[in-house]
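Please look over the structure shown here before reading the notes. They cover a helix pair and some loop residues.

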Amino acid sequence: MCESTLRAFAFAVLLILAGHVQAWQPTKPLNIVVPSAVGSGNDVAFRPISRAFEALKIPHVFEHIPGVGGAIATNYFKKSKKPDGHSLLIYGVGQYGAELDYKDVVEYSYDDFVLVTQIAKTAVAILAKPNSPVGNVSELLSDVRAGSRMIGTSSTVHPFIWNFLAEKTGLPKGNFHFVNYKAPPPQVIDVGRGDLDYGTAALPAVLPFYGDGRINIVAVTSPRRMQGLPNVPAVSETIRGYEFVLEWGLVLPKGIGADIVQFYVETVSKIVLSKEAQDYFKANTLYIGERDLGPKEYLRQIEKVRKQMGLAVAKQ
């Protein structure tokens with residue numbers, strides 16, 4: 001973001017926050033724990049908030065702690081961060097997936113944190129090499145049914161995307177041979193070179209490769225086609241009822257004051273609804289709307305996805 005745009009963003013955010021006296025304000029730099037590497041979906045989703053914080057003169061530093069589907073970062077956040085309002089964790093579907101695949105490592109559940117709000121949503125992209133004869137979901141199903149296929153993943157949730165496909169269509173799960181990567185870019189590169197038959201990655205992480213023709217997106221897992229990619233079908237167009245949405249949000253440590261929660265709910269909600277943030281989301285195949293915001297809707301979305309993945313939900 002150039003300096004003039006940053007100044008305009010600062011002015012816009014100040015305007016939407018003007019006239020509201022907050023009961024709590026940060027008094028030292030914020031610590032943002034990101035459970036993945038730079039360039040991941042978590043990182044991309046938070047960027048407009050980071051830019052707004054810069055514009056508002058709210059200093060903040062990032063701790064990128066990748067590994068085990070976000071479980072390492074999430075365990076660390078739960079154990080070490082004080083409920084003083086200066087530590088936030090980006091929390092999303094990958095951390096639920098870790099509960100499926102790394103039960104011996106995960107030491108948290110979503111009710112161990114105070115939910116703030118969702119910050120962005122997107123789809124998972126199902127990938128093939130550019131010259132692949134597979135150009136749609138029906139051809140994908142026929143090809144995978146025919147024999148063993150090497151499939152790239154870069155999140156604990158990505159195998160679920162394929163297993164869910166198998167449950168909906170009767171594909172033999174034994175034909176899936178997953179190759180796990182620590183971050184999306186190396187996986188996408190290997191799919192593009194033909195080292196893997198297929199890949200799976202959050203859509204924003206794929207865009208740089210798709211834009212210059214290094215990868216083919218067979219389909220997306222959103223309920224409908226994504227804005228900006230009108231020629232890429234949704235899986236649901238072929239398989240009725242198939243839908244899987246990636247979502248990211250912000251959480252705070254347990255025991256935090258209601259005034260601090262309110263500060264973040266109001267500030268972050270206004271930032272993500274600003275024109276600058278919405279333009280950014282659109283350009284990066286992300287989305288968020290007013291009805292998605294706040295702790296109650298965040299909880300509803302978390303529990304919806306957890307049930308879809310066969311994970312327990314907390315008793316209210």
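The points below are grouped by topic and refer to a predicted model. They begin with the packing of helix H2 against helix H9, then turn to the loop residues Lys57, Thr285 and Ser132.

**Helix packing**
- Helix H2 spans residues 41-55 and helix H9 spans residues 258-273; their axes are 10 Å apart and the packing angle is about 110 degrees.
- The range of 65 to 115 degrees counts as roughly perpendicular, and H2 and H9 are therefore roughly perpendicular to each other.
- The crossing of H2 past H9 is right-handed.
- On the H2 side the contact involves Pro48, Ile49, Ala52 and Phe53, which meet Thr267, Val268, Ile271 and Val272 of H9.
- Of the residues in this contact, 7 are nonpolar, 1 is polar and none is charged.

**Positive phi in loops**
- Most residues other than glycine have a negative phi.
- Lys57, a residue other than glycine, has a positive phi near 60 degrees.
- Lys57 sits in the loop that joins H2 to strand S2 (60-64), and counts as exposed because its relative accessibility is 71%, where the cut-off is over 50%.
- Thr285 is not a glycine either, and its phi is positive at about 50 degrees.
- The loop between helix H10 (275-283) and helix H11 (295-308) holds Thr285, which is buried, with a relative accessible area of 4%.

**A side-chain to backbone contact**
- Ser132 belongs to the loop between strand S4 (113-128) and helix H5 (137-146).
- With 18% relative accessibility, Ser132 counts as buried, since buried means under 20%.
- A polar atom of the Ser132 side chain lies 3.0 Å from the backbone nitrogen of Val134.

Methods
Residues are numbered from 1 along each chain as its sequence is written. This is a predicted model: local features need pLDDT of at least 70, side-chain atom pairs count only at pLDDT 80 or more; totals for chains, interfaces and linings use all residues. Side-chain values use heavy atoms; hydrogens and water are left out. Helices (H or I, at least four residues) and strands (E, at least two) are DSSP runs, numbered from the N terminus. Buried means under 20% relative accessible area, exposed over 50%, partly exposed in between (1.4 Å probe, protein chains only). A polar contact is a pair of N or O atoms within 3.5 Å; within protein, one must be able to donate a hydrogen and the other to accept it, and residues adjacent in sequence count only if both atoms are side-chain atoms. Axes are lines fitted to C-alpha atoms, for helices over the stretch in contact, and angles run from 0 to 180 degrees between N-to-C directions. Angles under 35 degrees count as roughly parallel, over 145 as roughly antiparallel, 65 to 115 as roughly perpendicular and the rest as oblique. A crossing is left-handed if the near helix is turned anticlockwise from the far one by less than a right angle, and right-handed if clockwise. Contact means heavy atoms within 4.5 Å. Ala, Val, Leu, Ile, Met, Phe, Trp, Tyr, Cys and Pro count as nonpolar, Asp, Glu, Lys and Arg as charged, and the others, Gly among them, as polar.
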